[in-house]
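Hi,

Here is the structure we talked about. My notes on it follow below.

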Amino acid sequence: MVLTNLQIAYLGPEASFTHLATQALFPTDCLLPIRTIPECIEMVSNGQVEVAVVPLENALEGTVPLTIDYLFHEAEVNVIAEILSPIAQHLMVHPNNMEKWEKISTIYSHPHALAQCHKYLYYRFGKVPLEQSSSTAAAAKYVSERADECIAAIANTSAAAEYDLKIVEHNIHDFHFNHTRFFVLSKKKKCIETKGHNGQVKTTVMITLPKDDRSGALHQVLSVFAWRQLNLSKIESRPLKTGLGQYFFIIDVLEDEKAPMMIGAIEELKALGCEVKSLGSYYTYETKAEVPSE
Ligand SMILES: O=C(O)C(=O)C[C@]1(C(=O)O)C=C[C@@H](O)C=C1
């Protein structure tokens with residue numbers, strides 16, 4: 001755990017998956033629940049808080065577009081750590097509706113959580129409308145405040161406990177290997193190096209190809225890393241939002257940005273005409289699964 005008297009913003013409310021991940025690295029009394037991902041990033045970007053924690057990528061559903069796009073288009077912040085957490089989704093209702101939970105009229109959750117349970121929802125509740133919420137915990141809170149509506153939330157066991165809901169079906173996510181990566185963001189480039197990281201430093205770079213649309217440009221970018229034997233753990237494209245067919249690339253490299261080979265790689269990318277935005281170098285902290293409730 002990082003000893004700090006800083007304020008840490010996270011995608012809330014209490015008992016969101018982001019909250020659980022944040023608690024693994026920071027003391028609980030510094031944590032500030034925030035309603036949306038852009039607000040968390042803005043708060044760290046304009047200095048209202050020193051650190052923010054936001055979800056980045058889920059093993060089943062892929063990138064959280066809001067996070068990655070906001071980091072590319074809107075904010076100048078650094079990644080100082082990554083938290084990797086196992087994710088288990090459960091269906092929960094208000095205790096008043098325990099007897100009639102199979103007749104629920106609407107199911108609420110974060111879009112990623114709804115997608116992680118797509119098969120379950122399709123086969124079990126195919127005709128029940130799904131409503132998106134800003135987080136799984138926000139969905140649980142919403143359901144807890146409406147005892148007289150027969151509705152359900154998909155969230156974790158901590159949310160069921162925090163908002164006094166009853167879990168009626170456990171582990172409804174479609175695939176067993178369900179993990180989410182969370183980014184710890186700061187205005188300062190100050191990688192968190194404390195007990196418990198996995199020993200592998202990683203750098204995330206965002207690359208825009210040269211404007212001349214030359215053939216083989218992406219191949220050239222990859223060659224920059226390949227001949228230096230810089231190992232990549234992820235490459236993904238996102239729309240530049242300037243027109244169809246125009247993208248930026250997010251690349252995770254298993255090396256420190258201060259390593260000579262990385263400095264050379266970034267210089268060469270710029271010499272090729274690419275725009276390069278490095279989010280910094282960081283370690284990964286893995287958290288344990290929640291203890292299942294009753
Ligand atoms: O809704 C939450 O509890 C979150 O912390 C967000 C989030 C996400 O954006 O992917 C985090 C982990 C799970 O994959 C589902 C939702």
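The ligand is surrounded by 15 residues, and the closest are Ser16, Phe17, Pro55, His112 and Ser135. A residue counts as near if its C-beta atom, placed from the backbone, lies within 6 Å. This is a predicted model: local features need pLDDT of at least 70, side-chain atom pairs count only at pLDDT 80 or more, and totals for chains, interfaces and linings use all residues. Numbering starts from 1 along each chain as its sequence is written.

Helices (H or I, at least four residues) and strands (E, at least two) are DSSP runs, numbered from the N terminus. The ligand lies between domain 1 (7–85 + 178–188) and domain 2 (90–169), because both give residues to the shell. The domain bounds come from an automatic or database assignment.

Now the sheet. It is open, with four antiparallel strands in the order β13-β14-β12-β15. Strands pair if DSSP finds at least two bridges between them. β13 (232–239) and β15 (275–282) are at the edges with a single partner strand each, so one side of each has no neighbour in the sheet. Inside the sheet, β12 (residues 202–208) and β14 (residues 247–253) pair over six bridges. Threonine 203 sits opposite valine 253 of β14.

Regards
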